[in-house]
Amino acid sequence: MTYVDDRRAKRNVAVLVLAQAVLGAQMPMIFVIGGLAGGMLASNPCLATLPISFIVFGSMTTAPWLSPLMQRNGRQFGFFLGAFAGATGALVAAYGLYVGSFAILLAGSYLTGIYMSAQGFYRFAATDTASDTFRPKAVSYVMAGGLLSAVVGPQLNKLVQDAYVVPFLGSYLAVAGLNLFGMLLFFGLDLPKGSRKEPQRTSTVITRSRTELIRDPRIVVAIIVGMVSYSLMNLVMTSTPLAVVGCGFTTNNANDIVSAHVLAMFAPSFFTGHLIARFGVEKIMATGLVILGAAGIVGLSGVELTNFYLALILLGLGWNFGFIGATTMLAGAHRPEERGVVQGMNDMVVFGMVTVASLASGGLMNCSGGTAVEGWNAVNLAMIPFLVLAGGSLIWLVRQPRQTA
């Protein structure tokens, strides 16, 4: 049996777990306050979630150039750039709140999207130095770093969201601090430095074109399931603070529900990789889609706090299985020299759909009925066609001839 030394990979995973915990804490904070802050400044309530949409739009438009940039200059360069953009975006958004400008708040949100895009590559960086055996576990462990962010983010938000006369100003200032502190962690990474040279075509290694890549069934299905898992999670989570407050509960209740949701997103990561290794990635992705469907059913069954908690916990679990499964499938479906193109293409498609979902979330929640209950029901019903799409694509994949899949 050949011994594979994964010590370098495990060191990188440890650093990335810490980065996920520290820097990642800003995301649950922003997702709680983004729609509420937007509702304060937007002239139209249908646009309340536009700050979150701009974050995701920023991530979508960043991925196509950030991935090749990291391919040339190394992951660390991209991670430093992302953290700097996150700090700058938080400060710009804070200024927008201070002067009461919705446009400036949106500009800061877009810069935060650059950070979000960089964070999305933590999971891929975990696989760069990992063996085939350790790869799914590496992805899972890095995602598990979100457990601490699930606790730190919302609890920190409770302390700072009302620290100033302007609501949520303290939250954005705290986010800037998290980025500046977390930036120091990347000095501990030991990743490939990247190459400024274009991959060379040889007689044994031929880089596939984008058209050829998109014809690969495993790449296509991985992108679709990743897109649907992330989009539905974002669709429901973005509207949750609006629904919770709209149904008569408090902002602190919304913080606690989002905290439970983010814990559910990352807690299974300790064993998701083992489940993938044992049962196969397709079965785990299918399980994730079923759990997402269950979240929608619970959301439609009532608007008590218990319903919100259970729906958001199931939403997190479904996202974990669906998205980590899709990431693992994608990581194993392309060659190292195709990494920049495939991962950039994946994140552009995934976050493009997430942008649409986050924008639709505010419209469905605030403008599809006369009450918060009607809006919340519309959000949950909107999950159905996307679950059908992802489930159908997965069934199509498993029915492909084995040599093709």
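Which residues touch the most other members of the largest nonpolar core? I looked this up first. They are Phe79, Tyr122 and Tyr230, in a core of 122 residues. I noted that helix α11 gives the most to this core, with 17 residues. A nonpolar core is a set of buried Ala, Val, Leu, Ile, Met, Phe, Trp, Tyr and Cys residues joined through side-chain atoms within 4.5 Å. Buried means under 20% relative accessible area, exposed means over 50%, and partly exposed lies in between (1.4 Å probe, protein chains only). In soluble globular proteins, nonpolar side chains tend to be buried together.

**Ground rules**

I am reading a predicted model, where local features need pLDDT of at least 70, side-chain atom pairs count only at pLDDT 80 or more, and totals for chains, interfaces and linings use all residues. Residues are numbered from 1 along each chain as its sequence is written, and side-chain values use heavy atoms, with hydrogens and water left out.

**Confidence**

I checked pLDDT, the predictor's confidence in each residue, from 0 to 100. The protein chain averages 86, and 94% of the residues score at least 70. Over residues 198-203 the pLDDT is below 50, and this stretch has 5 contacts in the model beyond near neighbours in sequence. Where pLDDT is low, the predicted coordinates should not be read in detail.

**Tyr122**

I went back to one residue of the core. Contact means heavy atoms within 4.5 Å. Leaving aside neighbours within four places in sequence, Tyr122 touches Leu16, Ala19, Gln20, Leu23, Phe79, Tyr115, Val142 and Phe186.

**Arg75**

I found Arg75 in helix α4 (residues 75-99). Helices (H or I, at least four residues) and strands (E, at least two) are DSSP runs, numbered from the N terminus. Is Arg75 buried or exposed? Arg75 counts as buried because its relative accessibility is 3%. Its side chain makes a polar contact with the side chain of Asp128, at 2.8 Å. A polar contact is a pair of N or O atoms within 3.5 Å; within protein, one must be able to donate a hydrogen and the other to accept it, and residues adjacent in sequence count only if both atoms are side-chain atoms. Beyond four places in sequence, the contacts of Arg75 include Phe121, Phe124, Arg339 and Gln343.

**Ser239**

I turned to helix α11 (residues 217-246), where Ser239 is found. Ser239 has 0% relative accessibility, so this residue counts as buried. Its side chain reaches the backbone oxygen of Val236 at 3.1 Å. Leaving aside neighbours within four places in sequence, Ser239 contacts Ser361, Met365, Trp376 and Val379.

**Helix α9**

I found 10 of the 14 residues of α9 buried. Among them are Leu169, Tyr172, Val175 and Leu178. The buried residues of α9 pack against α1 (7-22), α2 (26-41), α4, α5 (102-120) and α8 (146-160).

**Cysteines**

How many disulfides are there? I count 1 disulfide, taking a disulfide as a pair of cysteine sulfur atoms within 2.5 Å. Cys46 and Cys367 form it, with their sulfur atoms 1.5 Å apart. The pair links distant parts of the chain, 321 residues apart: Cys46 is in the loop between α2 and α3 (50-73), and Cys367 is in helix α16 (residues 339-367). Cys46 counts as partly exposed because its relative accessibility is 23%. Cys367 is partly exposed too, with a relative accessible area of 37%. Cys247 is in no disulfide; the nearest cysteine sulfur, that of Cys367, is 16 Å away.
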